[in-house]
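Here are my notes on the model you sent over. Have the coordinates open while you go through the points.

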Amino acid sequence: MERLNYFNPYVNKSESHEDRLTRSFLVLLKYSPACYSYFYESIFEQVKEKKLPSLSDQINEDVQFKTQVGNIQFETEQLVSVLITNENRSLNKVIEAVDRGAIYDGVITVGSKLSIIIETKPDNNNVWDDQLCPSQSHIAEDVAIISKPVVIAWSSIIIWLNEFANSNRHHFTERQIASDFLSMLNYNFSYLNPYDRYSHCKKNTSLVLKRTESILKSIVKDESIVRNH
């Protein structure tokens, strides 16, 4: 049974392991068309000059989601590499096929048009450049690799998901799975939450304190004094 089956979670990895974060996010994208659309548009905006397929172009395409993939052959027209991490950072790395034994955190395949490889890093200090490159042995000769990596901050995803989960304009099931994903984040990866609003802390005392801490740090010159208060 494939790993992104909703009823097949990891049992051999801790709740705070980054593989669990990746799996949960890909499950969210798989079961919520609205969340997938948001994520894809975030990628599209960063590489729009390369003419990636639009969302409307995908209406009849088979979109597949996979996680922890090490045995794969990319045969789509294009391939783009995406890093999701705790904060935005500029990367000068040129994405190209390299000689390495790659295991991809996440792979999204849009029919025959596009492959999206995803590297999830809760801490951007743990990223090494070649992790964002596909393996030479996995790439067909005619695949056009987008040379510029896409970087998306977890904070931007979380801010959007909070708005989405509290909107009445979308299907209840999609909003509920987004809300469940946010609860998982707050429990196991609370340091990724930007705490941009008290309402997003959901009356959780520890999250409220972290929101207060972030406000205080934003108004003082020396962040070290915040702990004293």
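1. The disulfide count comes to 0, where a disulfide is a pair of cysteine sulfur atoms within 2.5 Å. As a reminder, a disulfide is a covalent bond between the sulfur atoms of two cysteines. Cys35 is buried, at 2% relative accessible area, and Cys133 is buried too, at 0%. The cut-offs here are under 20% relative accessible area for buried, over 50% for exposed, and partly exposed in between, with a 1.4 Å probe and protein chains only.

2. Before going further, a word on what we have: this is a predicted model, in which local features need pLDDT of at least 70, side-chain atom pairs count only at pLDDT 80 or more, and totals for chains, interfaces and linings use all residues. Residues are numbered from 1 along each chain as its sequence is written, and side-chain values use heavy atoms, with hydrogens and water left out.

3. How many helices and strands does the chain have? There are 5 helices and 6 strands, and they are DSSP runs numbered from the N terminus (helices are H or I, at least four residues; strands are E, at least two). Reading from the N terminus, the order is α-α-β-β-β-β-β-β-α-α-α.

4. Along the principal axes, the C-alpha atoms fill a box of roughly 60 × 40 × 40 Å.

5. Buried residues make up 46% of the 229 in the chain. Of the contacts with a separation of 6 or more, 74% come from residues 24 or more positions apart; contact means heavy atoms within 4.5 Å.

6. Now the surface. The chain's accessible surface is about 12400 Å², and carbon and sulfur atoms account for 47% of that. These areas come from the Shrake-Rupley method with a 1.4 Å probe, and for residues only the protein chains shown count as cover.

7. For charge, I get 25 positive and 29 negative side chains, with the centres of the two sets 7 Å apart. Lys and Arg count as positive, Asp and Glu as negative, and His and the chain ends are not counted. Each charge is placed at NZ of Lys, CZ of Arg, CG of Asp or CD of Glu.

8. Is Ser115 buried or exposed? It counts as buried, at 2% relative accessibility. Ser115 sits in strand E4 (residues 114–121). Leaving aside residues up to four places away in sequence, Ser115 touches Phe74, Thr76, Gln78, Leu79, Val80, Ile108 and Thr109.

9. Ser135 is in the loop between E4 and strand E5 (144–145), and this loop residue is buried, with a relative accessible area of 2%. Its contacts, again not counting residues up to four places away in sequence, are Val98, Arg100, Ala102 and Tyr104. From Ser135 to Tyr38, 97 residues apart along the chain, the C-alpha separation is 28 Å.

10. Have a look at Gln68 in strand E1 (residues 63–69). Phi of Gln68 is near 50°, a positive value in a residue other than glycine. Gln68 is partly exposed, at 28% relative accessibility.

11. Asp180, in helix H4 (residues 172–188), is partly exposed at 40% relative accessible area. Asp180 and Ser24 are 156 residues apart in sequence, and their C-alpha atoms are 9.8 Å apart in space. Ser156, in helix H3 (residues 154–165), is partly exposed at 31%. Between Ser156 and Leu52 there are 22 Å, C-alpha to C-alpha, with the two residues 104 apart in sequence.
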